[in-house]
Amino acid sequence: MSDEVLKTTPLAAAHVEAGARMVPFAGYSMPVQYKDGVLKEHLWTREHAGLFDVSHMGQARLRGVSPLSAFEEITPGDFIGLKPGKQRYSVLLNKKGGVIDDLMAARPDDDGLFVVVNGACKDNDFKVIDNELAGQVTIERLENRALLAIQGPEAAAVIGRHLPAALRMVFMDSRAMPGFGTNILISRSGYTGEDGYEISVPNHQAQAIWNLLLEDERVRPIGLGARDSLRLEAGLPLYGHDVDETVSPIEADLAFAVSVKRRDARDFPGASRIAKELAEGPSRKRVGLKVLEGAPAREGAEIADGSGAVVGVVTSGGFSPSLGYPIAMGFVPPALAALGTQLKVIVRGKPQAAEVVAMPFVPTRYVRKI
Amino acid sequence: MRFTKDHEWVALDGDVATIGITAYAAEQLGDVVFVETPEIGKTVKAGDGLAVVESVKAASDVYAPISGEVVEANTELGDAPETVNAVPESGGWFAKLKIADKGQYDALMDRDAYETYLGTL
């Protein structure tokens, strides 16, 4: 990684100007934090509005005769039933029912399916889609577009000043519309647990729109450090850490991404494993942990039961700025996954008390109705 | 006060060395949310882990710049880890070591040398 030439987003200069500390992430030079630091940036997003550059993520259009039904061949979601103007969270599955990546797929207009995948996975994802759906869809990677996320309780008021139509959208709505002097793709969604929007804009307009949004005193730039602690509090898995190709959506507590209708049809990759796990329960399950004493338990920390036997591992964890104590997520056998189960997390050789708690750790504030 | 390339500081009173991290290190770490201080009576060699300081994002080891036996730990940091950011080179100290070899202290950088070193980073 260190020898690799890092790519930059169209906002690289703006980040440096704002005092960002830039780090390599997913092959890009990205802001991990600005002058305020992770803790204050996190709390600002929970109280006001945080602006994130997520242009490293992979944006693409999938087009074809019937791109929605084609997309069902590689995901367990109901995409045939995806209405115009709506977005859905889903997972790209391998033949064994493991997750190749998680993604958002939307119909902002009539131009096929608009997908957004993780930056670190995007080259492989689009190769997989191209291979699996050869002849059915064509992929246009939108490398000419940046992606901004604005998140927090004041995000809608900020966006509404520039784009009143955005206020008529609810959680997981997606639209193509004129805005900010250009053509944008906008969804009311994000990955922090807060209300907010993700806005796809042409690269050459990105900096002007970024600066315009930052002129509002309710908005501050937020780095990837706080993005990670925000998504952790929201109970949202991070691909490559909490989910990977060995993990099924059922194990990852993402059963909602497996369409009820398609559970019966079993017409997606790895359907037999997933159906079995739905019927009999998976052998491990992603749970939320409240660390009751001691240091934050981070990725890789072992989880033990009351007798001290190792039963699982933390896949992401850290200090929760909103709650003021450490939280984590990790995998344990279903018998130890019930809320209230008392476990231990092993940090630097020391067992510390932890309890299985519900996720999200911090209540989400998605706007589902207006 | 003397300094290490890992951004620890040492202040010596008689044969007791007080150890903390520098303002530069505290700034780099960001807001400190947890500090693990050593047990009293533990003996450490120069270069051994002495304490762990954690920000929201990561855990970082604090190494003993000098060999000795832990005679005191700043347990107040348990309830007030933010002290490390507020006053890193005084109230934010981690531990006091009873040292045997003052030569190790003398071999560390003085403030001028440390500041010259920071200029190279």
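Two residues are in contact here if their C-beta atoms, placed from the backbone, lie within 7 Å. By that criterion, 14 residues from chain A and eleven residues from chain B make up the contact between the chains. The model is predicted. The points below cover the chain A side of the contact, then the fold of chain B.

**Chain A side of the contact**
- Three elements of chain A each give two or more residues to the side that touches chain B: helix H2 (38–47), helix H7 (224–233) and strand E16 (310–320).
- H2(A) supplies the largest share of that side, with three residues.
- By residue class, the side of chain A that touches chain B holds six nonpolar, six polar and two charged residues.

**Secondary structure of chain B**
- Chain B has four helices and nine strands.
- Read from the N terminus, the order of elements in chain B is β-β-β-α-β-β-β-β-β-α-β-α-α.

**Dimensions and packing of chain B**
- Chain B is as compact as a globular protein of its length, because its radius of gyration of 13 Å is close to the 14 Å that the globule rule gives for 121 residues.
- The C-alpha trace of chain B spans about 35 × 35 × 20 Å along its principal axes.
- In chain B, 43% of the 121 residues count as buried.
- Among the contacts in chain B with a separation of 6 or more, 65% are between residues 24 or more positions apart.

How values were computed: Residues are numbered from 1 along each chain as its sequence is written. Chains are lettered from A and ligands numbered from 1 in the order in which they are written. This is a predicted model: local features need pLDDT of at least 70, side-chain atom pairs count only at pLDDT 80 or more; totals for chains, interfaces and linings use all residues. The radius of gyration is taken over C-alpha atoms; the globule rule is 2.2 Å times the number of residues to the power 0.38. A residue is buried if 20 or more other C-beta atoms lie within 10 Å of its own, exposed if 12 or fewer, and partly exposed in between; C-beta atoms are placed from the backbone. Ala, Val, Leu, Ile, Met, Phe, Trp, Tyr, Cys and Pro count as nonpolar, Asp, Glu, Lys and Arg as charged, and the others, Gly among them, as polar.
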